[in-house]
Amino acid sequence: MLMQMRKAKNIGADVVEIRLDCLTNFNPHRDLEILINQSPLPTLVTCRPVWEGGQYEGDETERQYVLRLAMQFGANYVDVELEIAHDFNDSIYGKKPDSFKVIVSSHNFHNTPSNEAIASLVARIQATGADIVKIATTALDVTDCASIFQIMVHSQVPIIGIVMGERGLISRLLSPKFGGYLTYGALEAGAISVPGQPTAKDLLDLYNFRLIRPDTKVYGIIGKPVGHSKSPLLFNAAFKAVGLNAVYLHFLVDDVEKFFNTYSCIDFASGCSCTIPHKEVALKSMDEIDPTAKKIGAINNIVRRPDGTLIAFNTDYIGAISAIEDGLREINGVIPAGASPLSGKLLVVLGAGGAGKSLAYGAAQKGARVVVANRTFERAKELADKVGGLAMTLAEAENFHPEDGMVLANTTSVGMTPHTDATPLAKHALKRYCLVFDAIYTPKDTRLLEEAKESGAIVVHGTEMLIRQGFEQYKNFTGLPAPEQLFRQLMEEHA
Ligand SMILES: NC(=O)c1ccc[n+]([C@@H]2O[C@H](COP(=O)([O-])OP(=O)(O)OC[C@H]3O[C@@H](n4cnc5c(N)ncnc54)[C@H](OP(=O)(O)O)[C@@H]3O)[C@@H](O)[C@H]2O)c1
């Protein structure tokens with residue numbers, strides 16, 4: 001435990017919590033003094049009983065005796081449960097050192113009750129003589145955090161508000177925005193004491209916890225699942241680098257409409273990236289939609305305007321099309337300002353899913369002649385009709401080579417990790433293409449791109465689409481140019 005405490009200090013923690021209920025072979029008189037006196041950080045001592053979600057199953061009198069002992073040995077805080085708080089506070093009345101504070105806590109492992117119920121719980125906790133109130137509820141939905149934020153921001157006493165579970169993560173991250181006394185961070189990813197707890201390192205390094213203030217603007221990515229997204233890494237590093245008072249979070253969202261109805265202030269959900277499965281359903285919650293995004297039928301970038309209304313964009317197509325255009329410029333050299341190198345080109349899009357639609361609409365808008373080839377022909381036909389193009393099956397695309405200098409864009413998932421041996425179009429069919437783009441970004445170099453290079457084509461990677469759509473999102477969120485070098489460097493480091 002002492003080693004872990006030193007590690008916590010190195011990571012940047014302010015206080016360590018000593019969970020006595022998790023220790024085996026614990027001898028209070030021998031161990032507690034060592035733990036408290038040799039801790040490199042102020043200490044918070046907790047011995048959570050089984051009836052409040054902890055692991056202590058022993059005698060209750062003994063448990064409270066140990067917590068009083070912690071106070072005598074110089075602990076800075078003890079955490080006691082609401083049920084026994086009156087007794088405990090009575091037992092230390094008149095003996096409390098100035099530097100010692102009692103946190104009185106209440107845990108609800110089932111749900112987050114109404115605001116009225118939480119407010120009355122806070123009042124009950126306060127009435128026990130608590131120095132600090134701690135309320136922990138459980139998030140069934142990300143909007144449950146709003147209740148705790150409201151209670152925290154209006155609290156007259158120091159308060160710790162936590163909504164447990166994956167959907168409650170933002171309650172932990174935004175504690176400083178709403179006046180929380182402290183938040184808990186785990187030492188390691190595998191060592192969390194409650195689901196939804198971030199690591200201390202992520203709090204500090206990924207989410208810039210120390211920079212969050214009451215007026216910090218909150219951005220984030222809404223999705224389900226969403227924890228894997230690297231977007232917070234990019235945006236938080238960018239916000240920090242340019243000194244923007246903003247934070248970007250992971251929002252695990254089940255119901256987009258409820259999310260935007262609940263988080264409707266100017267500085268909350270000021271801008272959101274949107275990922276699977278919400279890219280289409282989120283359209284319903286927008287006040288305005290960029291015309292091309294509307295045609296594509298999918299959005300991935302939402303901005304809250306100063307009047308509170310929401311406008312949405314699709315930056316996927318901008319990222320992909322601009323990457324292909326730059327690739328063509330490498331081949332064709334400078335072309336007249338304002339003209340697109342895609343204009344008049346024959347572009348074959350493999351796939352008719354979300355990425356396929358973005359590519360087909362984006363290229364048609366630039367004046368390309370579009371062909372859509374898809375495993376399911378009906379989907380190819382539907383998309384081709386919408387963009388005024390030609391439809392075919394993937395098999396037909398193998399023998400489609402009406403002219404030289406064509407452009408190929410793969411938007412199927414064929415060739416994606418772990419099936420890296422697969423390719424959506426055989427090598428012999430690549431000869432007439434001058435440029436081949438693959439939307440897949442894991443791996444970066446797909447079999448399709450390797451074979452295209454061998455056939456003499458210029459290749460454009462899916463990572464380029466990914467990063468460029470991020471630049472666009474940043475511009476829409478902040479009105480500033482994206483720190484492109486920083487984004488590229490972080491993508492390289494964390495790919
Ligand atoms: N680089 C980026 O920024 C970026 C952005 C978005 C997506 N992507 C990538 O683009 C790819 C597609 O994503 P999406 O969102 O468009 O997915 P999607 O909407 O599910 O569409 C998948 C497409 O792949 C086709 N497909 C799937 N399995 C196939 C198979 N075994 N053989 C032939 N065709 C197959 C589907 O054909 P059917 O219609 O016949 O099912 C459909 O056209 C993924 O690899 C994704 O990672 C990259």
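Here are some questions and answers about how a few features of this predicted model get their labels.

This is a predicted model, in which local features need pLDDT of at least 70 and side-chain atom pairs count only at pLDDT 80 or more, while totals for chains, interfaces and linings use all residues. Residues are numbered from 1 along each chain as its sequence is written, and side-chain values use heavy atoms, with hydrogens and water left out.

Q: Why is alanine 127 called exposed?
A: Exposed means over 50% relative accessible area, buried means under 20%, and partly exposed lies in between (1.4 Å probe, protein chains only). Alanine 127 has a relative accessible area of 55%, so it counts as exposed. You will find alanine 127 in helix H5; helices here are DSSP runs of H or I with at least four residues, strands are runs of E with at least two, and both are numbered from the N terminus.

Q: What makes asparagine 208 buried or exposed?
A: Its relative accessible area is 6%, so asparagine 208 is buried. Asparagine 208 sits in the loop between helix H8 (200–206) and strand S7 (217–223). It also has a positive phi of about 50° although it is not a glycine.

Q: Why does asparagine 25 count as exposed?
A: Its relative accessibility is 72%, and therefore asparagine 25 counts as exposed. Asparagine 25 belongs to the loop between strand S1 (16–19) and helix H2 (28–37). Phi of asparagine 25 is near 55°, a positive value in a residue other than glycine.

Q: How do you know that glutamate 52 has no salt bridge?
A: A salt bridge needs a side-chain nitrogen of Lys or Arg within 4 Å of a carboxyl oxygen of Asp or Glu. For the buried glutamate 52, the nearest side chain of opposite charge, arginine 48, is 5.7 Å away; Lys and Arg count as positive, Asp and Glu as negative, and His and the chain ends are not counted. Glutamate 52 lies in the loop between strand S2 (43–46) and helix H3 (60–72).

Q: Why are H5 and H6 called oblique to each other?
A: Angles under 35 degrees count as roughly parallel, over 145 as roughly antiparallel, 65 to 115 as roughly perpendicular, and the rest as oblique. The axes of helix H5 (residues 115–127) and helix H6 (residues 144–154) come within 10 Å and cross at roughly 40°. H5 and H6 are therefore oblique to each other.

Technical notes: Axes are lines fitted to C-alpha atoms, for helices over the stretch in contact, and angles run from 0 to 180 degrees between N-to-C directions.
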